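Q: Here's one I'd like to go through with you. Bring it up and start wherever you like.

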Amino acid sequence: GFVEFNKFFTQIIDRFEMSKSQNVEFIRLLPEKSYFVDIDTDKLTQVIDNIISNALKYSPDGGNIRFGFTVHGNMLRVMISDDGMGIPKENVTKIFDRFYRVDRARARSMGGTGLGLAIAREMIEAHGGKIWAESEEGQGTTIFFTLPYELDEAEDWE
Ligand code: ATP
Ligand code: MG
């Protein structure tokens, strides 16, 4: 169904901000205007939960996580960015493959199955969007995804 994206995103960010145990600051860069997205809210929640848990997992003590979205044509471009350890250039597309983890040592110490971003890619593509990462080793990682939007909540004529 149609949901207002800022409100939907903010609820997820709030839930993580209230329950996090790390000393990591959340910074929100969210437009006020209403953009409606036609999404499966459970699935999109799962996608965003995974991206935020990854960002928290790899954030240093005292780090920041930035949440934002911008508008490009008929698509929203959402970004979640951390200043963690980053991902080597040659692996930045592989993290969306099933069971892929950047290195064994990291995988052992951090837990998880390596499925989170593979599922995220399937779900974002099923919604007509794309997902990708930009990362600089030792500097941080930004995950981007896009979703088509409408300016008005669509009428349901059923
Ligand atoms: P799961 O999500 O199934 O619990 P996971 O977090 O290891 O396990 P993905 O979410 O698919 O799996 O992420 C795949 C890999 O990409 C991670 O193991 C990690 O190596 C790397 N990765 C993902 N997000 C980040 C990030 N924000 N910073 C650094 N590395 C990341
Ligand atoms: Mg994960």
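Predicted model: local features only at pLDDT ≥ 70, side-chain atom pairs only at ≥ 80, totals over all residues.

Q: OK, pick Gly138. Which residues is it in contact with, leaving aside neighbours within four places in sequence?
A: Met85 and Gly86. Gly138 itself sits in the loop between β6 and β7 (helices are DSSP H or I runs of at least four residues, strands are E runs of at least two, numbered from the N terminus).

Q: Buried or exposed, that Gly138?
A: Exposed, because Gly138 has 9 other C-beta atoms within 10 Å. The cut-offs are 20 or more for buried, 12 or fewer for exposed, and partly exposed in between.

Q: What about Phe99, where is that?
A: In the loop between β5 and α3. Phe99 is exposed as well, since 9 other C-beta atoms lie within 10 Å. Its backbone deserves a look: phi is positive, near 65 degrees, and this is a residue other than glycine.

Q: Switching topic, the helices. At what angle do α2 and α4 pack?
A: About 145 degrees, between residues 41-57 (α2) and 116-126 (α4), with the axes 9 Å apart. Axes here are lines fitted to C-alpha atoms over the stretch in contact, and angles run from 0 to 180 degrees between N-to-C directions.

Q: Which residues meet there?
A: From α2 you get Lys43, Val47, Asn50, Ile51 and Asn54, and from α4 Gly116, Leu117, Ala120, Met123 and Ile124. By class that contact has six nonpolar, three polar and one charged residues. For the classes, Ala, Val, Leu, Ile, Met, Phe, Trp, Tyr, Cys and Pro are nonpolar, Asp, Glu, Lys and Arg charged, and the others, Gly among them, polar.

Q: Which residues of α4 are buried?
A: Leu117, Ala120, Arg121, Met123 and Ile124. Those buried residues pack against α2, β6 (131-136) and β7. After α4 comes Gly128, with a positive phi near 85 degrees.

Q: Zoom in on Leu117. Why does Leu117 count as buried?
A: Because Leu117 has 21 other C-beta atoms within 10 Å. Leaving aside neighbours within four places in sequence, Leu117 is in contact with Asn50, Ile95 and Phe96. Ile48 is 69 residues from Leu117 in sequence but 9.9 Å from it in space, C-alpha to C-alpha.

Q: Now α2. Asn54, buried or exposed?
A: Buried, as 22 other C-beta atoms lie within 10 Å of Asn54. Its C-alpha is 9.6 Å from that of Met110, 56 residues away along the chain.

Q: And Lys57, where does that one sit?
A: Also in helix α2. Lys57 counts as partly exposed, because there are 15 C-beta neighbours inside 10 Å. From Lys57 to Leu76, 19 residues apart along the chain, the C-alpha separation is 26 Å.

Q: Core question: which residues touch the most other members of the largest nonpolar core?
A: Val47, Ile51, Leu76 and Ile80, out of 28 residues in that core. The elements giving two or more residues to this core are α1 (5-19), α2, β4 (64-72), β5 (75-82), α4 and β7 (140-148). Helix α2 gives the most, with six residues. A nonpolar core is a set of buried Ala, Val, Leu, Ile, Met, Phe, Trp, Tyr and Cys residues joined through C-beta atoms within 7 Å.

Q: Last one, the ligand. How many residues surround ligand 1?
A: There are 22, and the closest are Asn54, Val102, Gly112, Gly116 and Leu117; to count, a C-beta atom placed from the backbone must lie within 6 Å of the molecule. Two or more residues of that shell come from each of α2, α3 (104-110) and α4.

Q: What classes does that shell divide into?
A: Eleven nonpolar, eight polar and three charged residues around ligand 1.

How values were computed
Residues numbered from 1 in each chain as written. Chains lettered and ligands numbered in written order. Contact = placed C-beta atoms within 7 Å.
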